Amino acid sequence: MDTFTSVTNSSIFQNSHFILMGLPGILEWQHWLSLPLALLYLLALGATLLIMITIQHEHMLHEPMYHFLAILSVVDIGMASTIMAKILAIFWFDAKAITLPECFAQNYAINCFFCMESGTFLCMAVDRYIAVCHPLQYPSIVTEASIIKAIGFRVLRNGLLTIPVPLLAAQRHYCSRNEIQHCLCYNLGVVSLASDDISMNKFYQLFLAWVLVGSDMALVFSSYALILRSMMKLNLGEAMSKALSTCSSHLILILFFYSGIVMLSVTHLAEKKFPSFPYSLTYCTVSSPPALNPMVYALRMQELRLGFQRLFLLVATWPPSNSSFRNH
C-alpha cells in the first residue's frame, strides 16, 4: 500500500517544467551581461557565415583543412545557437521557465555539440599530422571519401552515444525542487534536482567526459607531439617554421577548448565558495569559440585572408558596371 501511494504521488507531483535561475550571486547586474553576449553571438554568426561563403567561393580553399574548418564553424554556431536564445530570453524578458522535454533536448544538444567539436579537432590534428609527417602519401590518404567517412563516423558516434544522457535524465523523478541555479540545462544541474538515485547519470556523464572527449584530447596532443618530433629529426629550420606556422592556428584553438573544459571541471569543485564563477566560465567556454575561431584562422592563415579580401572586393564592386560587360 505504501509503495503504491509513493508511486502514485511521484506521478501526480512530477514537475512539468524547470526554472532557470540565471547567474547566482550576480542577479542584479546580469542584464548588463546580455549585451556583450549578444554582440559576441552576432560576431560569431557573421564570422562563421563569412568563413563558409569564402571557402565555398574560393577554389584554392577546396582542401581538406578548410573543409574541417567549415565543419568546425557549423558545430560552433550550432552550440552557440542552442543555448544563446534561452540565455538572452532569461536576461531580457525574465523567461526562466522551460519544459522538461525542452530541457532534455537542450541537454542532449550541449553534450552532442561538445563531443562533435572535440571530434572535429581530432580530425584536424590527424590531417596536419599526415600533411607534415607523410606529405607524399597525403593526397592518397586524405581524400574526399576519407573525409566523409571520418565526419560521418564522428556524427554517428557522438549523436548515438549522447542519447542516453537525456534519456537517463528523463527517467528520474522531479517531485519537489525545480529550480536550476544556471541559465543552461546542463546534465548534472538537472539530475541533481531528482528525488531518486542519480548514480547512473553521474557515471555516464563521466564516461562521456573521459572516454569520448578524453580520448580525443589524448590523440590530439599525441598527433602534435609526433609532428614536433618529426620536425626535430629533420632539423631543418625552414621546414620546421613552415610546419609550426601551419599547425599553430589549430593548436591555439585546441589549447583554448580543452583548457576551458578542464578549468570548468576543476572550478565546479569550488562552486560553494565561488558560486558564480563556474557558471560564468561555462558561458565563456560555450560562447567564445564561435567568435574566437574565425579570428584566429583569419590572422594565422594567409590563404583565408586572401579569400576574405577577394570576397570583400567582389561585394564592393557589385553590381558590375556596363563598361565591364562591354570590355568582356
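Mentor: Let us begin with the accessible surface of the protein chain, which comes to about 17500 Å². Carbon and sulfur atoms account for 70% of that surface. Please keep in mind that this is a predicted model.

Trainee: What percentage of the residues in the protein chain is buried?

Mentor: A residue counts as buried when its relative accessible area is under 20%. In the protein chain, 45% of the 328 residues are buried.

Trainee: How many helices and strands does the protein chain have?

Mentor: The protein chain has 13 helices and three strands. As for contacts between residues at least 6 apart in sequence, 80% of them join residues at least 24 apart.

Trainee: How do the axes of helix H3 and helix H4 cross?

Mentor: Angles over 145 degrees count as roughly antiparallel. The axes of H3 (residues 64–93) and H4 (residues 100–133) cross at roughly 160° and come within 10 Å; the two helices are therefore roughly antiparallel to each other. Their crossing is left-handed. The contact of H3 with H4 has 16 nonpolar, four polar and five charged residues.

Trainee: What distance separates the C-alpha atoms of Leu-255 and Phe-221?

Mentor: Those C-alpha atoms are separated by 9.5 Å, while Leu-255 and Phe-221 are 34 residues apart along the chain.

Key. Residues numbered from 1 in each chain as written. Predicted model: local features only at pLDDT ≥ 70, side-chain atom pairs only at ≥ 80, totals over all residues. Heavy atoms only, no water. Axes fitted to C-alpha atoms, helices over the stretch in contact; angles between N-to-C directions. Helix = DSSP H or I, 4+ residues; strand = E, 2+ residues; numbered from the N terminus. Parallel < 35°, antiparallel > 145°, perpendicular 65-115°, else oblique. Left-handed = near helix turned anticlockwise from the far one by under 90°. Nonpolar A, V, L, I, M, F, W, Y, C, P; charged D, E, K, R; others polar. Buried < 20%, exposed > 50% of the residue type's maximum accessible area, 1.4 Å probe, protein only. Contact = heavy atoms within 4.5 Å. Areas by Shrake-Rupley, 256 points an atom, 1.4 Å probe, with all protein chains shown as cover.
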